[in-house]
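Could you walk me through this structure in my viewer? I would like to know what to select next and what I will find there.

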Amino acid sequence: MREKPVVSRFAPSPTGYMHIGNLRTALYSYLIARHGGGKFILRIEDTDRERFVEGATDVIIRTLATTGITYDEGPGVGGEHGPYVQSERKPIYMEYAKKLVDLGAAYYCFCTKERLEQLHEEDATGGYDRHCRDLSPEEVEKNLAEGKPFVIRQKMPLTGTTSYTDSVFGEISVENEELQDQILMKADGYPTYNFCHVVDDYLMGVTHVVRGSEYLTSTPKYVLLYDAYGWERPTYVHLPLLMGKGADGTISKLSKRHGAVSFEDLVADGYLPEAIVNYIALLGWAPKGEMAETEFFTLPELEAAFDIAGVNKSPSVFDFDKLLWFNGEYIKKLDFEHFRRLALPFLKTPLPAGVDTDAALRLLQGRIGKLGEVEEKCAFFRALPEYEPDLFENKKNKVTLDLAKQVLEAALPVLSAVSAWNNDTLYTALLSVAELLACKSGAVMWAVRISVSGMSVTPGGATEIMTVVGREESLARIRIALEKL
RNA sequence: GGCCCGUUGGUCAAGCGGUUAAGACAUCAGCCUCUCACGCUGAAAACAUGGGUUCGAUUCCCGUACGGGUCACCA
(Lines give C-alpha, C1' and ligand atoms only; values in the text may rest on other atoms or scores of the structure.)
Protein backbone atom coordinates (compact mmCIF):
# COMPACT_ATOMS: atom_id res chain seq x y z
CA MET A 1 0.00 0.00 0.00
CA ARG A 2 1.39 3.35 -1.04
CA GLU A 3 1.51 6.34 1.28
CA LYS A 4 -0.46 9.33 0.12
CA PRO A 5 1.75 12.30 -0.72
CA VAL A 6 2.02 14.74 2.15
CA VAL A 7 0.04 17.95 1.93
CA SER A 8 0.50 20.38 4.78
CA ARG A 9 -0.39 23.99 5.26
CA PHE A 10 0.26 27.11 7.24
CA ALA A 11 -2.96 28.89 8.14
CA PRO A 12 -2.31 32.08 10.06
CA SER A 13 -4.80 34.77 10.79
CA PRO A 14 -3.63 38.19 9.67
CA THR A 15 -2.88 40.00 12.91
CA GLY A 16 -0.41 42.51 11.56
CA TYR A 17 2.86 40.94 12.45
CA MET A 18 4.58 37.58 12.28
CA HIS A 19 5.27 36.28 15.74
CA ILE A 20 8.33 34.07 15.99
CA GLY A 21 6.14 31.25 17.28
CA ASN A 22 3.96 31.42 14.20
CA LEU A 23 7.03 31.42 12.04
CA ARG A 24 8.24 28.25 13.70
CA THR A 25 4.88 26.60 13.08
CA ALA A 26 5.12 27.65 9.44
CA LEU A 27 8.66 26.30 9.23
CA TYR A 28 7.82 22.90 10.71
CA SER A 29 4.75 22.54 8.57
CA TYR A 30 6.80 23.45 5.52
CA LEU A 31 9.55 21.01 6.48
CA ILE A 32 7.08 18.18 6.97
CA ALA A 33 5.74 18.78 3.48
CA ARG A 34 9.13 19.12 1.83
CA HIS A 35 10.69 16.22 3.67
CA GLY A 36 7.88 14.04 2.44
CA GLY A 37 8.24 15.41 -1.07
CA GLY A 38 4.75 16.84 -0.79
CA LYS A 39 2.91 20.08 -1.15
CA PHE A 40 2.74 23.10 1.10
CA ILE A 41 -0.22 25.47 1.14
CA LEU A 42 -0.65 28.95 2.57
CA ARG A 43 -4.15 29.82 3.67
CA ILE A 44 -5.25 33.06 5.29
CA GLU A 45 -7.78 32.69 8.08
CA ASP A 46 -9.51 36.04 8.26
CA THR A 47 -13.02 35.15 9.32
CA ASP A 48 -12.86 37.44 12.33
CA ARG A 49 -13.93 40.69 10.74
CA GLU A 50 -13.47 42.67 13.92
CA ARG A 51 -9.81 41.85 14.16
CA PHE A 52 -8.98 42.35 10.55
CA VAL A 53 -5.76 44.33 10.06
CA GLU A 54 -5.04 46.05 6.77
CA GLY A 55 -1.86 44.86 5.09
CA ALA A 56 -1.35 42.01 7.51
CA THR A 57 -1.44 39.39 4.80
CA ASP A 58 1.45 41.12 3.09
CA VAL A 59 3.55 40.82 6.23
CA ILE A 60 2.97 37.07 6.24
CA ILE A 61 3.79 36.69 2.57
CA ARG A 62 6.86 38.87 2.87
CA THR A 63 8.16 36.96 5.87
CA LEU A 64 7.76 33.61 4.16
CA ALA A 65 9.51 35.00 1.12
CA THR A 66 12.52 36.29 2.99
CA THR A 67 12.94 33.09 4.97
CA GLY A 68 12.73 31.01 1.82
CA ILE A 69 9.63 29.13 2.89
CA THR A 70 7.91 28.64 -0.43
CA TYR A 71 4.37 27.43 -0.93
CA ASP A 72 2.84 25.62 -3.85
CA GLU A 73 -0.63 26.99 -3.39
CA GLY A 74 -1.88 30.14 -1.76
CA PRO A 75 -2.57 33.83 -2.20
CA GLY A 76 -0.56 35.21 -5.07
CA VAL A 77 0.47 31.86 -6.50
CA GLY A 78 -2.97 30.33 -6.94
CA GLY A 79 -3.68 26.63 -7.17
CA GLU A 80 -6.50 24.24 -7.89
CA HIS A 81 -8.14 24.59 -4.47
CA GLY A 82 -8.53 28.36 -4.32
CA PRO A 83 -9.39 30.86 -3.19
CA TYR A 84 -6.94 30.69 -0.31
CA VAL A 85 -8.35 33.51 1.76
CA GLN A 86 -11.24 32.38 3.89
CA SER A 87 -13.29 35.55 3.58
CA GLU A 88 -13.40 34.83 -0.15
CA ARG A 89 -14.70 31.33 0.51
CA LYS A 90 -17.64 32.42 2.59
CA PRO A 91 -20.45 30.70 0.59
CA ILE A 92 -18.72 27.35 0.89
CA TYR A 93 -19.03 27.21 4.66
CA MET A 94 -22.78 27.78 4.87
CA GLU A 95 -23.29 25.09 2.31
CA TYR A 96 -21.27 22.61 4.32
CA ALA A 97 -22.86 23.69 7.58
CA LYS A 98 -26.31 22.98 6.20
CA LYS A 99 -25.10 19.63 5.03
CA LEU A 100 -24.02 18.94 8.58
CA VAL A 101 -27.46 19.89 9.87
CA ASP A 102 -28.98 17.42 7.41
CA LEU A 103 -26.55 14.83 8.66
CA GLY A 104 -27.84 15.40 12.17
CA ALA A 105 -24.50 16.57 13.51
CA ALA A 106 -25.37 20.26 13.83
CA TYR A 107 -28.39 22.42 14.53
CA TYR A 108 -29.75 25.92 14.23
CA CYS A 109 -29.66 27.96 17.41
CA PHE A 110 -31.71 31.10 17.85
CA CYS A 111 -30.59 32.02 21.34
CA THR A 112 -29.76 35.70 21.72
CA LYS A 113 -26.46 36.97 23.05
CA GLU A 114 -28.36 38.39 25.98
CA ARG A 115 -29.64 34.98 26.93
CA LEU A 116 -26.13 33.55 26.66
CA GLU A 117 -24.74 36.26 28.88
CA GLN A 118 -27.44 35.58 31.44
CA LEU A 119 -26.61 31.89 31.37
CA HIS A 120 -23.00 32.73 31.99
CA GLU A 121 -23.89 34.93 34.93
CA GLU A 122 -25.93 32.19 36.52
CA ASP A 123 -23.22 29.60 36.08
CA ALA A 124 -19.85 30.71 34.78
CA THR A 125 -18.63 27.16 34.18
CA GLY A 126 -21.80 25.72 32.70
CA GLY A 127 -21.51 26.79 29.10
CA TYR A 128 -24.38 26.67 26.65
CA ASP A 129 -27.42 24.78 27.90
CA ARG A 130 -28.31 23.27 24.51
CA HIS A 131 -31.63 25.08 24.56
CA CYS A 132 -32.12 24.86 20.79
CA ARG A 133 -30.66 21.42 20.27
CA ASP A 134 -34.04 19.72 20.15
CA LEU A 135 -36.17 22.32 18.44
CA SER A 136 -38.73 20.71 16.17
CA PRO A 137 -38.22 21.09 12.42
CA GLU A 138 -41.39 23.17 12.31
CA GLU A 139 -40.07 25.58 14.92
CA VAL A 140 -36.80 25.96 13.06
CA GLU A 141 -38.61 26.61 9.80
CA LYS A 142 -40.81 29.17 11.48
CA ASN A 143 -37.90 31.05 13.03
CA LEU A 144 -35.99 30.98 9.77
CA ALA A 145 -39.03 32.27 7.88
CA GLU A 146 -39.36 35.11 10.36
CA GLY A 147 -35.79 36.05 9.63
CA LYS A 148 -34.57 35.49 13.16
CA PRO A 149 -30.80 35.69 13.51
CA PHE A 150 -29.23 32.31 14.05
CA VAL A 151 -25.98 30.47 14.55
CA ILE A 152 -25.26 26.85 13.73
CA ARG A 153 -23.91 24.70 16.51
CA GLN A 154 -22.18 21.37 16.46
CA LYS A 155 -24.25 18.61 18.05
CA MET A 156 -21.83 16.85 20.36
CA PRO A 157 -22.42 13.29 21.49
CA LEU A 158 -23.58 13.28 25.10
CA THR A 159 -21.85 10.10 26.20
CA GLY A 160 -18.75 8.12 25.37
CA THR A 161 -15.27 9.36 24.57
CA THR A 162 -13.56 10.68 21.49
CA SER A 163 -9.94 9.87 20.78
CA TYR A 164 -7.37 10.57 18.16
CA THR A 165 -3.68 9.96 17.76
CA ASP A 166 -1.36 12.92 17.58
CA SER A 167 2.01 12.23 15.96
CA VAL A 168 3.83 14.15 18.66
CA PHE A 169 1.77 13.67 21.80
CA GLY A 170 0.30 10.24 21.17
CA GLU A 171 -3.25 9.27 21.95
CA ILE A 172 -5.53 12.00 23.25
CA SER A 173 -8.96 11.18 24.62
CA VAL A 174 -11.69 13.34 26.05
CA GLU A 175 -15.06 12.54 27.50
CA ASN A 176 -17.78 13.68 25.12
CA GLU A 177 -19.73 15.22 27.98
CA GLU A 178 -16.87 17.72 28.29
CA LEU A 179 -17.53 19.03 24.80
CA GLN A 180 -19.60 22.15 24.28
CA ASP A 181 -22.00 22.43 21.39
CA GLN A 182 -19.66 24.94 19.85
CA ILE A 183 -20.67 27.47 17.26
CA LEU A 184 -19.78 26.60 13.70
CA MET A 185 -21.46 29.47 11.88
CA LYS A 186 -21.72 32.89 13.45
CA ALA A 187 -24.73 35.20 13.25
CA ASP A 188 -22.85 37.34 10.73
CA GLY A 189 -22.74 34.45 8.34
CA TYR A 190 -19.04 33.82 8.78
CA PRO A 191 -17.75 30.49 10.04
CA THR A 192 -15.67 30.09 13.19
CA TYR A 193 -12.18 28.65 13.09
CA ASN A 194 -13.60 25.49 14.64
CA PHE A 195 -15.50 24.84 11.48
CA CYS A 196 -13.88 26.42 8.49
CA HIS A 197 -10.43 25.03 9.05
CA VAL A 198 -11.86 21.53 8.94
CA VAL A 199 -13.81 22.19 5.76
CA ASP A 200 -10.84 23.86 4.11
CA ASP A 201 -8.34 21.24 5.14
CA TYR A 202 -10.61 18.61 3.67
CA LEU A 203 -11.33 20.52 0.48
CA MET A 204 -7.67 21.35 -0.01
CA GLY A 205 -6.57 17.78 0.50
CA VAL A 206 -4.49 18.52 3.58
CA THR A 207 -3.08 15.32 5.03
CA HIS A 208 -1.03 16.82 7.87
CA VAL A 209 -2.48 19.41 10.20
CA VAL A 210 0.45 21.16 11.89
CA ARG A 211 -0.28 23.73 14.56
CA GLY A 212 0.48 24.77 18.13
CA SER A 213 -0.41 22.55 21.05
CA GLU A 214 -3.09 24.96 22.22
CA TYR A 215 -5.35 22.99 19.88
CA LEU A 216 -4.53 19.66 21.41
CA THR A 217 -7.67 19.45 23.52
CA SER A 218 -10.07 20.92 21.01
CA THR A 219 -9.07 18.55 18.26
CA PRO A 220 -11.54 15.83 19.32
CA LYS A 221 -14.27 18.25 18.29
CA TYR A 222 -12.73 18.57 14.84
CA VAL A 223 -12.25 14.87 14.55
CA LEU A 224 -15.98 14.44 15.23
CA LEU A 225 -16.66 16.74 12.29
CA TYR A 226 -14.55 14.63 9.96
CA ASP A 227 -16.36 11.56 11.18
CA ALA A 228 -19.80 13.11 10.72
CA TYR A 229 -19.01 13.92 7.10
CA GLY A 230 -17.46 10.55 6.59
CA TRP A 231 -14.12 12.14 5.69
CA GLU A 232 -10.79 10.53 6.40
CA ARG A 233 -9.15 12.13 9.43
CA PRO A 234 -5.85 13.91 8.80
CA THR A 235 -2.61 13.28 10.64
CA TYR A 236 -2.33 15.72 13.52
CA VAL A 237 1.00 17.24 14.47
CA HIS A 238 0.75 19.48 17.49
CA LEU A 239 3.80 21.50 18.35
CA PRO A 240 5.01 22.41 21.83
CA LEU A 241 4.69 26.07 22.74
CA LEU A 242 7.45 28.66 22.67
CA MET A 243 8.10 30.38 25.97
CA GLY A 244 9.98 33.51 26.92
CA LYS A 245 12.01 34.38 29.95
CA GLY A 246 11.11 37.61 31.69
CA ALA A 247 13.57 40.06 33.23
CA ASP A 248 12.73 38.60 36.62
CA GLY A 249 13.52 35.10 35.45
CA THR A 250 9.93 33.91 35.18
CA ILE A 251 8.93 31.74 32.27
CA SER A 252 5.76 32.41 30.33
CA LYS A 253 4.35 32.15 26.84
CA LEU A 254 6.52 34.14 24.45
CA SER A 255 5.10 37.61 23.96
CA LYS A 256 6.06 41.20 23.33
CA ARG A 257 7.12 41.75 26.91
CA HIS A 258 10.08 39.48 26.22
CA GLY A 259 11.45 41.87 23.61
CA ALA A 260 11.42 41.76 19.86
CA VAL A 261 9.55 38.60 19.01
CA SER A 262 8.24 39.45 15.60
CA PHE A 263 10.33 38.32 12.71
CA GLU A 264 10.53 41.79 11.23
CA ASP A 265 11.63 43.29 14.56
CA LEU A 266 14.47 40.80 14.77
CA VAL A 267 15.55 41.54 11.22
CA ALA A 268 15.40 45.26 11.92
CA ASP A 269 17.65 44.62 14.89
CA GLY A 270 20.21 43.00 12.63
CA TYR A 271 19.48 39.30 12.90
CA LEU A 272 19.90 37.43 9.64
CA PRO A 273 16.87 35.47 8.40
CA GLU A 274 19.02 32.36 7.89
CA ALA A 275 20.20 32.50 11.49
CA ILE A 276 16.69 32.98 12.81
CA VAL A 277 15.41 30.04 10.81
CA ASN A 278 18.31 27.88 11.93
CA TYR A 279 17.76 28.77 15.55
CA ILE A 280 14.01 28.32 15.70
CA ALA A 281 14.25 25.04 13.83
CA LEU A 282 16.12 23.76 16.85
CA LEU A 283 13.56 25.01 19.35
CA GLY A 284 11.37 22.00 19.80
CA TRP A 285 13.12 19.70 17.38
CA ALA A 286 16.47 17.93 17.34
CA PRO A 287 18.02 15.82 14.62
CA LYS A 288 18.33 12.11 15.27
CA GLY A 289 21.26 9.72 15.16
CA GLU A 290 24.63 10.81 13.93
CA MET A 291 23.21 14.23 13.13
CA ALA A 292 22.42 14.78 16.80
CA GLU A 293 25.43 16.99 17.33
CA THR A 294 24.98 19.09 14.25
CA GLU A 295 23.77 22.60 14.83
CA PHE A 296 24.11 24.44 11.59
CA PHE A 297 21.43 23.87 9.03
CA THR A 298 20.49 25.64 5.86
CA LEU A 299 16.86 25.40 4.80
CA PRO A 300 17.56 22.63 2.26
CA GLU A 301 19.47 20.72 4.91
CA LEU A 302 16.55 21.06 7.27
CA GLU A 303 14.23 19.77 4.58
CA ALA A 304 16.37 16.67 4.31
CA ALA A 305 16.87 16.12 8.03
CA PHE A 306 13.54 17.09 9.53
CA ASP A 307 11.50 14.31 11.02
CA ILE A 308 8.37 14.44 13.17
CA ALA A 309 9.90 11.84 15.47
CA GLY A 310 12.43 14.43 16.55
CA VAL A 311 9.82 16.92 17.70
CA ASN A 312 9.74 17.52 21.43
CA LYS A 313 6.70 17.49 23.68
CA SER A 314 7.76 20.01 26.26
CA PRO A 315 7.67 23.76 25.72
CA SER A 316 10.98 25.47 25.00
CA VAL A 317 12.28 28.82 26.12
CA PHE A 318 13.39 31.26 23.47
CA ASP A 319 16.94 32.26 24.36
CA PHE A 320 18.15 35.52 22.87
CA ASP A 321 21.73 34.75 23.90
CA LYS A 322 21.85 31.67 21.77
CA LEU A 323 20.17 33.39 18.86
CA LEU A 324 22.81 36.10 19.16
CA TRP A 325 25.56 33.50 19.05
CA PHE A 326 24.03 31.80 16.01
CA ASN A 327 23.68 35.15 14.32
CA GLY A 328 27.30 36.06 15.06
CA GLU A 329 28.43 32.81 13.50
CA TYR A 330 26.36 33.52 10.40
CA ILE A 331 27.78 37.04 10.20
CA LYS A 332 31.32 35.71 10.35
CA LYS A 333 30.66 33.36 7.46
CA LEU A 334 29.47 36.17 5.18
CA ASP A 335 31.93 37.25 2.54
CA PHE A 336 32.96 40.82 3.22
CA GLU A 337 31.10 42.44 0.37
CA HIS A 338 27.90 40.84 1.52
CA PHE A 339 28.50 41.85 5.11
CA ARG A 340 29.31 45.37 4.03
CA ARG A 341 26.09 45.68 2.09
CA LEU A 342 24.06 44.48 5.08
CA ALA A 343 25.94 46.48 7.70
CA LEU A 344 26.05 49.89 6.01
CA PRO A 345 22.37 50.69 6.53
CA PHE A 346 22.89 50.21 10.25
CA LEU A 347 25.15 53.26 10.40
CA LYS A 348 22.92 56.20 11.28
CA THR A 349 25.09 58.53 9.23
CA PRO A 350 28.25 57.85 7.21
CA LEU A 351 31.48 57.81 9.21
CA PRO A 352 33.61 61.00 9.05
CA ALA A 353 35.60 61.65 5.90
CA GLY A 354 38.98 60.60 7.24
CA VAL A 355 37.71 57.28 8.58
CA ASP A 356 38.21 54.17 6.49
CA THR A 357 34.72 52.69 6.69
CA ASP A 358 35.61 49.41 5.03
CA ALA A 359 38.49 48.87 7.42
CA ALA A 360 36.20 49.60 10.33
CA LEU A 361 33.63 47.11 9.08
CA ARG A 362 36.26 44.43 8.60
CA LEU A 363 37.21 44.88 12.21
CA LEU A 364 33.59 44.59 13.25
CA GLN A 365 32.56 41.57 11.22
CA GLY A 366 34.07 39.00 13.50
CA ARG A 367 33.10 40.76 16.68
CA ILE A 368 29.40 41.45 16.62
CA GLY A 369 26.39 39.29 17.32
CA LYS A 370 23.93 41.37 15.34
CA LEU A 371 24.11 44.17 12.82
CA GLY A 372 22.33 46.47 15.24
CA GLU A 373 25.61 46.68 17.16
CA VAL A 374 27.42 48.33 14.27
CA GLU A 375 26.50 51.90 15.13
CA GLU A 376 27.43 51.76 18.80
CA LYS A 377 30.69 49.96 18.07
CA CYS A 378 31.58 52.64 15.55
CA ALA A 379 30.81 55.58 17.82
CA PHE A 380 34.42 56.09 18.88
CA PHE A 381 35.49 56.31 15.26
CA ARG A 382 33.26 59.35 14.91
CA ALA A 383 34.43 61.17 18.00
CA LEU A 384 36.87 60.51 20.80
CA PRO A 385 34.85 59.68 23.91
CA GLU A 386 35.43 61.53 27.17
CA TYR A 387 37.74 59.50 29.39
CA GLU A 388 39.79 59.84 32.55
CA PRO A 389 43.59 59.54 32.50
CA ASP A 390 43.56 56.53 34.83
CA LEU A 391 42.16 54.54 31.91
CA PHE A 392 45.82 54.22 30.92
CA GLU A 393 46.72 52.18 33.95
CA ASN A 394 46.95 48.49 33.20
CA LYS A 395 48.44 45.86 35.45
CA LYS A 396 48.85 43.06 32.96
CA ASN A 397 50.99 45.15 30.64
CA LYS A 398 52.61 47.02 33.52
CA VAL A 399 51.44 50.40 32.33
CA THR A 400 51.46 53.35 34.72
CA LEU A 401 50.41 56.88 33.95
CA ASP A 402 54.02 57.85 33.84
CA LEU A 403 54.96 55.11 31.41
CA ALA A 404 51.97 55.93 29.24
CA LYS A 405 53.20 59.48 28.99
CA GLN A 406 56.68 58.37 28.00
CA VAL A 407 55.29 55.98 25.41
CA LEU A 408 53.08 58.58 23.80
CA GLU A 409 55.79 61.22 23.80
CA ALA A 410 58.14 58.82 22.10
CA ALA A 411 55.50 57.49 19.72
CA LEU A 412 54.32 60.83 18.42
CA PRO A 413 57.43 61.73 16.39
CA VAL A 414 57.95 58.15 15.25
CA LEU A 415 54.39 57.85 13.99
CA SER A 416 54.52 61.26 12.36
CA ALA A 417 57.52 60.08 10.41
CA VAL A 418 55.93 56.89 9.12
CA SER A 419 55.92 57.03 5.36
CA ALA A 420 52.99 54.77 4.53
CA TRP A 421 50.13 54.67 7.03
CA ASN A 422 49.25 50.98 7.17
CA ASN A 423 49.10 48.19 9.67
CA ASP A 424 52.60 46.80 9.01
CA THR A 425 54.44 50.10 9.09
CA LEU A 426 52.61 51.21 12.19
CA TYR A 427 53.35 47.95 13.92
CA THR A 428 57.04 48.20 13.13
CA ALA A 429 57.11 51.79 14.24
CA LEU A 430 55.56 51.00 17.58
CA LEU A 431 57.91 48.08 18.14
CA SER A 432 60.80 50.49 17.73
CA VAL A 433 59.25 52.66 20.42
CA ALA A 434 59.15 49.68 22.75
CA GLU A 435 62.78 48.97 22.00
CA LEU A 436 63.73 52.58 22.61
CA LEU A 437 62.04 52.66 25.98
CA ALA A 438 63.05 49.10 26.81
CA CYS A 439 59.51 48.11 27.74
CA LYS A 440 57.07 45.43 26.70
CA SER A 441 55.49 45.90 23.29
CA GLY A 442 52.16 45.26 24.96
CA ALA A 443 52.66 48.36 27.09
CA VAL A 444 53.20 50.51 24.02
CA MET A 445 50.23 49.02 22.23
CA TRP A 446 48.06 49.53 25.26
CA ALA A 447 48.89 53.18 25.73
CA VAL A 448 48.52 53.98 22.06
CA ARG A 449 45.27 52.10 21.73
CA ILE A 450 43.74 53.88 24.70
CA SER A 451 44.79 57.25 23.39
CA VAL A 452 43.32 56.76 19.94
CA SER A 453 40.13 55.10 21.11
CA GLY A 454 39.45 56.52 24.55
CA MET A 455 38.10 53.11 25.54
CA SER A 456 39.47 50.03 27.24
CA VAL A 457 37.58 47.61 25.03
CA THR A 458 37.78 48.18 21.30
CA PRO A 459 37.07 46.23 18.15
CA GLY A 460 40.72 45.90 17.22
CA GLY A 461 44.28 46.54 18.26
CA ALA A 462 46.17 49.86 18.35
CA THR A 463 47.49 49.75 14.83
CA GLU A 464 44.21 48.55 13.39
CA ILE A 465 42.35 51.43 14.93
CA MET A 466 44.92 53.94 13.73
CA THR A 467 44.56 52.55 10.25
CA VAL A 468 40.85 53.15 10.41
CA VAL A 469 40.81 56.68 11.81
CA GLY A 470 43.76 57.83 9.72
CA ARG A 471 46.98 59.68 10.34
CA GLU A 472 45.75 63.17 11.24
CA GLU A 473 43.07 62.03 13.63
CA SER A 474 45.35 59.46 15.29
CA LEU A 475 48.07 61.99 15.96
CA ALA A 476 45.53 64.51 17.19
CA ARG A 477 44.12 61.98 19.62
CA ILE A 478 47.57 61.15 20.96
CA ARG A 479 48.20 64.84 21.55
CA ILE A 480 44.93 65.12 23.45
CA ALA A 481 46.02 62.20 25.60
CA LEU A 482 49.34 63.86 26.35
CA GLU A 483 47.52 66.92 27.61
CA LYS A 484 45.66 64.74 30.07
CA LEU A 485 48.80 63.03 31.39
C1' G B 1 -12.08 24.83 39.25
C1' G B 2 -12.99 20.53 35.35
C1' C B 3 -10.38 18.30 31.39
C1' C B 4 -5.78 17.60 28.52
C1' C B 5 -0.43 17.81 28.19
C1' G B 6 4.45 18.22 29.96
C1' U B 7 8.92 17.72 33.65
C1' U B 8 17.28 15.55 31.84
C1' G B 9 22.43 21.27 34.19
C1' G B 10 20.48 28.61 34.13
C1' U B 11 18.75 27.77 28.60
C1' C B 12 18.37 24.51 23.98
C1' A B 13 18.84 19.43 24.03
C1' A B 14 20.87 13.62 23.08
C1' G B 15 19.09 9.37 25.46
C1' C B 16 14.20 5.45 23.73
C1' G B 17 15.91 -0.97 30.69
C1' G B 18 22.35 -1.86 32.02
C1' U B 19 26.03 4.83 29.56
C1' U B 20 31.93 7.59 33.24
C1' A B 21 23.99 10.64 31.44
C1' A B 22 26.41 13.33 24.75
C1' G B 23 26.74 18.13 22.49
C1' A B 24 25.59 23.57 22.14
C1' C B 25 24.63 28.63 24.42
C1' A B 26 25.63 31.21 28.84
C1' U B 27 29.20 31.15 33.21
C1' C B 28 34.26 30.53 35.24
C1' A B 29 39.66 29.42 34.64
C1' G B 30 44.07 28.83 31.63
C1' C B 31 46.59 29.42 26.89
C1' C B 32 47.25 32.43 22.54
C1' U B 33 47.32 37.62 21.30
C1' C B 34 49.14 44.65 19.72
C1' U B 35 43.48 45.30 24.03
C1' C B 36 38.65 43.00 23.58
C1' A B 37 36.93 39.40 20.75
C1' C B 38 37.88 35.06 17.85
C1' G B 39 40.32 30.41 18.55
C1' C B 40 42.15 26.40 21.67
C1' U B 41 42.10 23.68 26.43
C1' G B 42 39.71 22.75 30.83
C1' A B 43 36.06 23.38 35.00
C1' A B 44 31.49 23.82 37.49
C1' A B 45 26.48 22.35 36.41
C1' A B 46 20.94 17.87 35.40
C1' C B 47 17.44 12.90 35.24
C1' A B 48 11.06 17.21 40.09
C1' U B 49 9.27 13.72 44.02
C1' G B 50 7.13 9.14 46.44
C1' G B 51 5.65 4.34 45.39
C1' G B 52 5.66 0.14 42.35
C1' U B 53 7.18 -3.49 37.85
C1' U B 54 12.15 -5.57 37.01
C1' C B 55 18.10 -9.03 38.44
C1' G B 56 18.49 -3.72 37.15
C1' A B 57 15.20 2.12 36.23
C1' U B 58 16.57 8.80 33.63
C1' U B 59 13.98 5.28 30.46
C1' C B 60 7.76 1.33 31.84
C1' C B 61 3.11 2.00 35.39
C1' C B 62 0.49 4.80 39.45
C1' G B 63 0.20 8.86 42.90
C1' U B 64 2.09 13.85 44.40
C1' A B 65 4.29 18.53 43.35
C1' C B 66 5.36 22.11 39.90
C1' G B 67 4.67 24.21 34.98
C1' G B 68 1.73 24.88 30.63
C1' G B 69 -2.70 24.56 27.57
C1' U B 70 -7.98 24.68 27.15
C1' C B 71 -12.98 25.53 28.58
C1' A B 72 -15.59 32.59 23.21
C1' C B 73 -20.56 34.38 17.80
C1' C B 74 -10.86 34.57 18.71
C1' A B 75 -8.03 31.94 16.01
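**A hairpin and its neighbours**

Start with glycine 244: its bridge partner in strand β11 is serine 252. Keep in mind as you go that this is a predicted model.

Now select all of β11, residues 251-253, together with strand β10. The two run antiparallel and are joined by three bridges. Five residues lie between them in the hairpin they form, and glycine 249 in that turn has a positive phi of about 90 degrees.

Next, show the side chains of β10, residues 242-245.

Look for valine 317 in β12, which stands opposite methionine 243.

**Around the RNA**

Select RNA strand B and the 66 residues around it. Which come nearest? They are Glu45, Tyr193, Ala286, Ser314 and Gly461. Colour this surface by class and you will find 23 nonpolar, 24 polar and 19 charged residues. Then highlight helix α17, residues 441-453: with five residues, this helix gives the most to the surface near RNA strand B.

**A helix in the open**

For the last stop, select helix α5, residues 137-145. None of its nine residues is buried, so the helix lies largely in the open. Step just past the end of α5 to glycine 147, which takes a positive phi of about 75 degrees.

Notes:
Residues are numbered from 1 along each chain as its sequence is written. Chains are lettered from A and ligands numbered from 1 in the order in which they are written. This is a predicted model: local features need pLDDT of at least 70, side-chain atom pairs count only at pLDDT 80 or more; totals for chains, interfaces and linings use all residues. A residue is near a molecule or strand if its C-beta atom, placed from the backbone, lies within 6 Å of it. Helices (H or I, at least four residues) and strands (E, at least two) are DSSP runs, numbered from the N terminus. Ala, Val, Leu, Ile, Met, Phe, Trp, Tyr, Cys and Pro count as nonpolar, Asp, Glu, Lys and Arg as charged, and the others, Gly among them, as polar. A residue is buried if 20 or more other C-beta atoms lie within 10 Å of its own, exposed if 12 or fewer, and partly exposed in between; C-beta atoms are placed from the backbone. Two strands pair if DSSP finds at least two bridges between them.
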